[in-house]
Amino acid sequence: MHRKIAAALTVAVLFTGAATACTPEPIVSIPSASQAPGETVLKIGTPHVPDGVDPAEGALVAHVYAAALYAAGVQASVVQTPAPTGTLLASMVQGSADVVPVYSRVALAEVSAEATAETPSAVVDALKAQLPSGLELLDPAKVEDQDSIVVTAVTAQKYQLKSLSDVGKVCEKLSMGGSAVFKTKAGGLAGLGSDYSCVPKSYESLAPTLTFGDDSTLWALLRDDVQLASIPNTSPAIADNALVVLSDPKGLFPSQNIVPLVSTSKVTDALQVLINKVSAALTTDELSNLNRLSQDGHYANLSEAATAWLTQQGLVKASS
């Protein structure tokens, strides 16, 4: 029943990005990149994800790049990046992973606790400045990932809510749900209070929205257990359930990019071009579509969902 509710608009929106975007040049085999049997497999690491994002999204993005490399004739496998928070760069230098599609603000916070970069481009530049020899950032994907505060259409109409500025007037009447971290981090619940005078009636710590359990943020919102929810903008739940994203005129929730971090000793120039091609197709809407595919019962695992998305984008030919 839960899946039926969340998938109500899936057919209508599944191909939206593919239908409106310019189709990129397909990925072709790179003979010089082909590997002999027994040669070391290129390791694609799963990134640490932002607060409130289901870790499955990070693994899914890693599978997209792995599937694209495989289509070019490269042996590639997804590995759980073993680095504890704060040790990503050192572990990559030591060979834990050859490619990691990092979330830029998350990665920058791992390597520089004092970083003050604000815009997405400034964050990427600051991250580049921290890289040791042998590691390089490629082109950022067109994804702009950020927190968003959403309400149902019914709640939006009842209280005439379009912006977070509107919420301050009625916030004491509303309960809110989101991650446990959102409740305590500076840019979370405290930021809503200081920037928008919004102090909810209560706050429930709930699971990321790609899960379907009774403790998920999405179901609490749809059941009206909470009326405000912190849901990342890349979640397909927003479009699939006609949720209203409240605008953030004061910029409380900054966006960040997904950007591939690579080991230059393992990832050749030809493979870097291929990876950049995938990043160019990965927009915010398309990451939402990709997340949606991963929940589709037609695909047995994340690798199949990733390949299906690459096929929709025209980057990989459909299997005959």
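Biologist: In what sense do strand 6 and strand 7 pair, and over how many bridges?
Modeller: Strand 6 (residues 175-178) pairs with strand 7 in the parallel sense, over 4 bridges. Two strands count as paired if DSSP finds at least two bridges between them. This is a predicted model, where local features need pLDDT of at least 70 and side-chain atom pairs count only at pLDDT 80 or more, while totals for chains, interfaces and linings use all residues. Residues are numbered from 1 along each chain as its sequence is written, and side-chain values use heavy atoms, with hydrogens and water left out.

Biologist: What is the bridge partner of Gly 178 in strand 7?
Modeller: Ser 205 is the strand 7 partner of Gly 178.

Biologist: And the sheet, in what order do the 5 strands run?
Modeller: The order is 7-6-8-5-9, in an open sheet with mixed pairing. Its edge strands, each pairing on one side only, are strand 7 (202-205) and strand 9 (244-245).

Biologist: How many helices and strands are there in the protein?
Modeller: The protein has 16 helices and 10 strands. These are DSSP runs numbered from the N terminus: H or I of at least four residues for helices, E of at least two for strands.

Biologist: Switching to helix 7. Which of its residues are buried?
Modeller: In helix 7 (residues 120-129) they are Val 123, Val 124 and Leu 127. Buried means under 20% relative accessible area, exposed over 50%, and partly exposed in between, with a 1.4 Å probe and protein chains only.

Biologist: Why do they line one face of the helix?
Modeller: Seen down the axis of helix 7, the buried residues fall within an arc of 100°, so they line one face. The arc is taken over the directions from the helix axis to the C-beta atoms. In general, an α-helix has 3.6 residues a turn, so residues three or four places apart point the same way.

Biologist: What do those buried residues of helix 7 pack against?
Modeller: Strand 3 (99-103), helix 6 (104-111) and strand 4 (135-137).

Biologist: How many residues has the largest nonpolar core?
Modeller: That core has 40 residues. A nonpolar core is a set of buried Ala, Val, Leu, Ile, Met, Phe, Trp, Tyr and Cys residues joined through side-chain atoms within 4.5 Å.

Biologist: What is Trp 309 in contact with, leaving aside neighbours within four places in sequence?
Modeller: Its partners include Val 64, Leu 282 and Leu 293. Contact means heavy atoms within 4.5 Å.
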